[in-house]
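Here is a friendly walk through one protein model, with a few of its helices and strands picked out along the way. Please have the viewer open as you read.

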Amino acid sequence: MPKTHSSQQVDERQRERTSASVASSSHSAQSHASLDFSNVDRLAGKFKVPGVVRAGSERDGGSLPDEKGFSIQVGSELYKLSGASIMSDGYLITPTDGRHFVKLFADAQFYRLPRLQSQLFESEIFVEVGNEHFRIPRDIFSAPGDTPNYFTLGFTVFFSSPGDVFPGLNPRGLLRPPAIHPPRIPNRSPKIFADLLHILRGYALTIQNEDHRSQLLKDARYYNLRGLEQKLIPYTVTHNIDRRISEIVIRLQDIKASQISILSDIRKSTDPASPTPQPLRSGWVTYARPFVDETRHELILETSDPMLLNLETCRLTLFGTTRSRVTSLFQTVANKLNLPTTAPLGLMMLASEGASTQTLSPSSTPLSEDQVKVRFGNDTHIILDGVDRAFDELQWGLVGEESIGETMSSDRPSKRRREDFEDPASSKQRFWALNRSQWRLRIQPRPVSSAGGSEVEIVMVAVKIDATSNQKTRNVQRGFLTS
C-alpha cells in the first residue's frame, strides 16, 4: 500500500524533495546517458527565468483549480498536492554534489520545470576531475580571458539543447527520466586542478619547480583559461632607468604574435599641420601580455635552445623550433611594417605554432638573411665557459655599440684563442655555442651594400648570453644519466 502525504505536509517541504525522489527512484530502470563537455561547438543564449506562475495565469495546457487535491505516485511514494502547488513551480533547491545535480536536471527536463532549470543553470558548476569532486562558483571565472572556458561552455551548451537532453532516447516514450552520469574529466590531475582553482580564488601559489609550472600551464590551456595562463608563464617586468622605458623579459615560446608592436625612435607629432609621417625606419619591438598588461614594454626575449654564433661575421645560426619561432616573429614584425612576404601563409602558420619546418628560415622574411645579424656592446653580460667576461676582452669582430649591425674593421688585430670552435670548412671561422640568451629586437635601416628586398632590417641585440667556446667546456657541463 503506497504511503499518502497530505497537501499541507507536502506543499512547503515536499516540493524540494520531489525531483530528487523522482530521479533516485527511476535511475536504476533506465540506461545511462552522459554529460560530455569535450565536444563543445556552440553557445546558448540567455536563459530566461519564468518566475512563479499562479493558477489562472496563461500557461501551456491550461491550469488546475487552486484548492483541488491531486494524487501523484512516484515509485512507491504517493503524493497529494493542491492544484496551486503543482502549477507554481516555485520552490528553491541547491544541489549538493554532481550526482544530485544531474538527478535534479533530469527531473527538471522530464517534468518540464522551467524555474528549476533556470536555478540549475545559474548554480555552481559540479565536476569530477580524476577521482575528486569539485564545486566551482561561476564568478570564479570573472577575470579577463578566463571566460568562456571548458566548464562554462559545456554547461551552456547542455542547457541550450533541451530537445536533445537524453541522446539516443525519445523523450515522448520515456516513463521516467533516465539516469545521467555527472560531469567527469578522468584524464586530468585533481591536484593540478585544485592549484588552478587556488589561483583563480585570488591566492598566491608557490610554484615548486619548472615541471610544476609546465603542468599548470598545460592544464590551464586545456581548460581554456587564457587569462590564468598569462599569469603562470615566467616573466619579469621592470623599469630601466638608464633607457627610461619599461622592459619585459619573456620566453620565446610564450610570445603571442598579436601582442607585438614597434616603438619608433621618432615620436609621432600631434600637430595637425605637421607633414605626413614617413614609414618607420628605426625602433624597438615591444610587447604586452594579453588580458594582463595595460601598457606595452620593450621586449627582451629569452631562449634556452642552442644557437651558434659566428664571431667573425657576427651572425647567428638557429636550429629546430627556435628557427621556426624566430622566423614567425620576424614575419609578424614585417607585417606590422606593411612589408611583403614571400613565404607561403600555411608554412608561416606552422612556424608560429613552433613546428619545425626545414623550408622556412629568417631569410623567408623581408627583414633578415638566413643567419641573423646580431649586435653586442659594452652593456652585454657575457658568461663564457662559466666565467663572467668583459666585452672589451672579447673584441673579435663583434659588433660595437657605436656601429649598429656592422662588424668592426677587419684590419683590427684580434687575439686568437686555440679553444674557440672552428668551422671544419675554414680555419679562420670561430664560433661560440650559446646555451641560454636574452635579446632585444632592433629595427634599423638596411645598409646599401646588404642584400634584401626592404629598406629596413632586424637585428638581435644581445642583453645576456651563456656560451661555451670549446667542446671540453661542454663536456664538463654534461652530466651522467645515473648517479
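Contact here means heavy atoms within 4.5 Å. Axes are lines fitted to C-alpha atoms, for helices over the stretch in contact, and angles run from 0 to 180 degrees between N-to-C directions. Helices (H or I, at least four residues) and strands (E, at least two) are DSSP runs, numbered from the N terminus.

The model is predicted, with local features requiring pLDDT of at least 70 and side-chain atom pairs counted only at pLDDT 80 or more, while totals for chains, interfaces and linings use all residues. Residues are numbered from 1 along each chain as its sequence is written, and side-chain values use heavy atoms, leaving out hydrogens and water.

**The chain as a whole**

The protein chain has twelve helices and 21 strands. Of its 483 residues, 47% count as buried, where buried means under 20% relative accessible area, exposed over 50% and partly exposed in between (1.4 Å probe, protein chains only). Among contacts between residues at least 6 apart in sequence, 68% join residues at least 24 apart.

Let us turn to an open sheet of three strands in the order 6-5-8, with mixed pairing. Its edge strands are strand 6 and strand 8, each pairing on one side only. Two strands pair if DSSP finds at least two bridges between them. Strand 5 (residues 125-129) pairs with strand 6 (residues 132-136) in the antiparallel sense over five bridges, and with strand 8 (residues 184-185) in the parallel sense over two bridges.

Some individual partners can be named. Phe126 has Arg135 of strand 6 as its bridge partner. On the strand 8 side, Glu128 is bridged to Arg184, and Val129 stands opposite Ile185. Strands 5 and 6 form a hairpin with two residues between them, and Gly130 in the turn has a positive phi of about 65 degrees.

How many residues of strand 5 are buried? Five of its five are. Ile125, Val127 and Val129 are buried on one side, and Phe126 and Glu128 on the other, so both faces are covered. Helix 7 lies across strand 5 and strand 6, running at about 20 degrees to strand 6.

**Two helix pairs**

Two packed helices are described by the angle between their axes and the distance between the axes. The table gives both values for two pairs.

| Helix pair | Axes come within | Crossing angle |
|---|---|---|
| Helix 4 (residues 98-110) and helix 5 (residues 114-122) | 8 Å | roughly 145 degrees |
| Helix 7 (residues 190-200) and helix 8 (residues 210-222) | 10 Å | roughly 80 degrees |

Helix 7 and helix 8 are therefore roughly perpendicular to each other; angles of 65 to 115 degrees count as such. Their contact is made by Ile192, Asp195 and Leu196 of helix 7 and His212, Gln215, Leu216, Asp219 and Ala220 of helix 8. By class, this contact of helix 7 with helix 8 has four nonpolar, two polar and two charged residues. Ala, Val, Leu, Ile, Met, Phe, Trp, Tyr, Cys and Pro count as nonpolar, Asp, Glu, Lys and Arg as charged, and the others, Gly among them, as polar.

For helix 4 and helix 5, the contact is made by Phe101, Leu104, Phe105, Ala108 and Gln109 of helix 4 and Leu116, Gln117 and Leu120 of helix 5. By class, this contact has six nonpolar, two polar and no charged residues.

**A buried asparagine**

Asn435 sits in strand 20 (residues 426-445). Its relative accessible area is 18%, so Asn435 is buried. Leaving aside neighbours within four places in sequence, Asn435 is in contact with residues including Asp305, Asp466 and Arg474.

Technical notes. Angles under 35 degrees count as roughly parallel, over 145 as roughly antiparallel, 65 to 115 as roughly perpendicular and the rest as oblique.
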